[in-house]
Amino acid sequence: MNEVRRIAVAGATGRVGRHVVDVLAQQGYEVVEISRSHGVDVVTCEGLADALAGVECVVDTATGASPDQQAATDFFTVAARNLHLAGERAGVQRMVVVSIIGCDRFSAGYNAAKFAHEQAMQSGPVPVRVLRAAQFHELVGQLVDWGRQAEVSYVPEMRTQLVAARTVAAALADLAINPESAPAASSESTAIPEVAGPREESMVEMARLVAARRPDPVRIEGVSDPTDPDRELYEKGGLLPGPEATLAGPSFEECLRSTS
């Protein structure tokens, strides 16, 4: 068993954060859970100084309540500043942050906000490593819900390589535990490790698989927004991993079968 050290997880109750907590705890690490439900807020700083006392590494998986570009950017930049300030005071040695594959290519939306997050994290005093991940499995069902109008759901045309949140969590935990396991993050995207699922998939086709398993029938229609400045990036592979990416299962269909 590893020597127990304190590792904090920001966004500890979120989609990937809860898995990071579990992976680290299973490996014998003392995990500090940072979330509003645990009395710690990365925006207001409530409880943050106490939470980071004695912490060696922070894994940042926190997200705000809104996917809107400006709201998300505001959340990420404020949270990054506060984690750096409190972390430096507490003697935190390093931080690991989850981001999105290809976010540096986008000019609008949540992807652009995540790139701003990367830049805010990298500009602080505590050394940071970034891990870029493909879209999580759970996004498919969300898109079906968000795009629904009566008996039709309009899902954006998107090429992706869907990945399990647990797979991303394991990669984040590895970076936290083994700081030499990947190159240091920089402004060069080639220096930032990526993790994705085992194969390329169509978001629209995966949405149809989800809809077919739901008791309330809904027809999935692919949609392409001509006003979106990043439309071609979504549709022509801007979210796909590079050749050096770590590819790991389970696939989206395997997860669907295991939960049906």
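## Basis of the description

Helices (DSSP runs of H or I, at least four residues) and strands (runs of E, at least two) are numbered from the N terminus, and by that scheme proline 250 is placed in the loop between β12 (246-247) and α9. The model is predicted, so local features are taken at pLDDT of at least 70 and side-chain atom pairs only at pLDDT 80 or more, while totals for chains, interfaces and linings use all residues. Residues are numbered from 1 along each chain as its sequence is written, and side-chain values rest on heavy atoms, with hydrogens and water left out.

## Nonpolar cores

In soluble globular proteins, nonpolar side chains tend to be buried together. Here a nonpolar core is a set of buried Ala, Val, Leu, Ile, Met, Phe, Trp, Tyr and Cys residues joined through side-chain atoms within 4.5 Å, where buried means under 20% relative accessible area, exposed over 50%, and partly exposed in between (1.4 Å probe, protein chains only). The largest nonpolar core has 29 residues, of which Ala8, Ile34, Val42, Leu48, Leu52, Val58 and Met95 touch the most other members. Elements that each supply at least two residues of this core include β1 (6-10), β2 (30-34), α3 (69-90) and β4 (94-100), and α3 gives the largest share, seven residues.

Leaving aside neighbours within four places in sequence, isoleucine 34 is in contact (heavy atoms within 4.5 Å) with residues that include Ala8, Val42, Leu48 and Leu52. Asparagine 82 lies in helix α3 and counts as buried at 6% relative accessibility; apart from residues up to four places away in sequence, asparagine 82 touches Val42, Val43, Cys45, Leu48 and Gly87.

## Helix pairs

The axes of α3 and α4, lines fitted to C-alpha atoms over the stretch in contact, with angles from 0 to 180 degrees between N-to-C directions, come within 8 Å and cross at roughly 15 degrees. That makes α3 roughly parallel to α4, since angles under 35 degrees count as roughly parallel, over 145 as roughly antiparallel, 65 to 115 as roughly perpendicular and the rest as oblique. Among the residues that make the contact are Phe76 and His84 of α3 and Tyr110 and Met121 of α4.

Helix α1 (residues 17-26) and helix α6 (residues 165-177) pack at an angle of about 55 degrees, with their axes 8 Å apart, and these two helices are therefore oblique to each other. Their contact includes Val23 and Leu24 of α1 together with Leu172 and Ile177 of α6. Val23 and Ile177 are also among the members of a second, separate core of 28 residues.

## Loops and backbone features

Glutamine 161, found in the loop between β8 (159-160) and α6, counts as buried at 9% relative accessibility. Not counting residues up to four places away in sequence, the residues that glutamine 161 touches include Ala134, Arg199, Glu200 and Leu247.

The peptide bond from glycine 249 to proline 250 is cis, with omega near 5 degrees. Cysteine 45, in the loop between β2 and α2, has a positive phi of about 75 degrees although it is not a glycine, and at 35% relative accessibility cysteine 45 counts as partly exposed. Alanine 150, in the loop between β6 and β7, likewise has a positive phi, near 60 degrees, in a residue other than glycine, and alanine 150 is exposed, with a relative accessible area of 66%.
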